[in-house]
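Please look first at the sequence and the 3D structure shown here, and keep both in view while reading the briefing that follows.

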Amino acid sequence: MPKATSTSFLPKDYEVNSGGSDFFKLKNGDNKFRIISDAIVGKEGWKDNKPFRRGGTDAEIDPSEVDTDAKSGKPKINDYLACYVYSHDEGKVMIASFTQVGIKKAIAEYAADEDWGHPSGYDITVTRTGEGLATKYSVKPSVPKPLKADVQKAVDEAAKTFDLEGALSVDAE
């Protein structure tokens with residue numbers, strides 16, 4: 001990692017962190033994770049290529065507050081469902097924010113089903129195929145089972161600092 005050399009701009013011992021993000025991003029192929037918190041919901045808008053969020057089932061964003069999508073001509077506003085997840089691929093706790101209707105609907109249906117229940121009891125695999133407007137997602141739950149002891153320990157430690165609203169900069173309306 002590069003070390004800063006200028007003491008007037010950065011501290012002398014500062015090193016650029018090239019680590020990965022704490023945000024869960026769906027890659028092409030299988031994305032296996034365990035939801036480890038309750039969800040928050042709301043609206044997500046995009047202005048100047050930056051997201052902002054308003055929380056709650058009654059959240060609103062006026063179309064005049066956001067950019068317009070160049071391809072569709074529609075305001076860049078989505079409903080979101082956010083939660084903490086343990087990503088099996090990344091091996092760490094991450095923040096997931098789903099805006100895709102099919103993914104949100106499938107997770108909500110499994111959570112409401114008495115045979116499946118709260119998704120903290122089983123892994124979910126979202127398979128992503130295609131690109132751009134041709135992107136497709138499929139959602140498949142795994143057989144319910146407890147997390148491995150080392151994973152549960154990491155989840156328990158991370159849970160001490162859970163703050164989805166703060167992490168996502170959610171504004172209350």
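N49 is found in the loop between strand 2 and strand 3, where helices (H or I, at least four residues) and strands (E, at least two) are DSSP runs, numbered from the N terminus. This is a predicted model, in which local features need pLDDT of at least 70 and side-chain atom pairs count only at pLDDT 80 or more, while totals for chains, interfaces and linings use all residues. Residues are numbered from 1 along each chain as its sequence is written, and side-chain values use heavy atoms, with hydrogens and water left out.

- Phi of N49 is near 60°, which is a positive value in a residue other than glycine, and at 63% relative accessibility N49 counts as exposed (exposed means over 50% relative accessible area, buried under 20%, and partly exposed in between, with a 1.4 Å probe and protein chains only).
- D48 lies in that loop between strand 2 and strand 3 as well, and although D48 is not a glycine, its phi is positive, at about 55°.
- D48 is also exposed, with a relative accessible area of 57%.
- As background, most residues other than glycine have a negative phi, and most peptide bonds are trans.

**Overall make-up**

- The protein contains three helices and eight strands, and from the N terminus on its elements run β-β-β-β-β-α-β-β-α-α-β.
- Of the 173 residues of the protein, 32% count as buried.

**Strand 4 and its partners**

- Strand 4 (77-87) is mostly covered, since eight of its eleven residues are buried.
- Strand 1 and strand 4 pair in the antiparallel sense over three bridges (two strands pair if DSSP finds at least two bridges between them), and the bridge partner of I35 in strand 4 is V85.
- Strand 2 and strand 4 also pair in the antiparallel sense, over six bridges, and here G42 stands opposite Y80 in strand 4.
- Strand 4 and strand 5 run antiparallel and are joined by seven bridges, with V85 standing opposite M94 in strand 5.
- In the hairpin of strand 4 and strand 5, four residues lie between the strands, and G91 takes a positive phi near 70°.

**Aromatic pairs**

- A search of the whole structure finds six aromatic pairs (rings of Phe, Tyr and Trp, the last with its six-membered ring, pair if their centres lie within 6.5 Å; planes under 30 degrees apart count as stacked, over 60 as edge-to-face and the rest as tilted).
- F24 and F98 form an edge-to-face pair, with 6.5 Å centre to centre and 75° between the planes.
- This pair links distant parts of the chain, with F24 in the segment before strand 1 (29-35) and F98 in strand 5, 74 residues apart.
- Both F24 and F98 are buried.
- Y84 and F162 form a stacked pair, with 3.8 Å centre to centre and 5° between the planes.
- This pair likewise links distant parts of the chain, with Y84 in strand 4 and F162 in the loop between helix 2 (149-159) and helix 3 (164-167), 78 residues apart.
- Y84 is buried, with a relative accessible area of 9%, whereas F162 counts as partly exposed at 26% relative accessibility.
- F24, F33 and F98 form one aromatic cluster.

- In helix 2, V151, V155 and A158 are buried.
- Seen down the axis of helix 2, its buried residues fall within an arc of 65°, so they line one face of the helix (the arc is that of the directions from the helix axis to the C-beta atoms).
- The face of helix 2 turned away from its buried side carries the exposed residues A149, D150 and K153.

**The largest pocket**

- The largest pocket is lined by 31 residues, of which E44, N78, T99, Q100 and Y137 lie nearest its centre (on a 1 Å grid over the protein atoms alone, a pocket is an open set of points where a 1.4 Å probe fits, with protein on both sides within 12 Å along at least five of seven lines, and lining residues have an atom within 4 Å of a point).
- Strand 5 gives the most to the lining of the largest pocket, with four residues.
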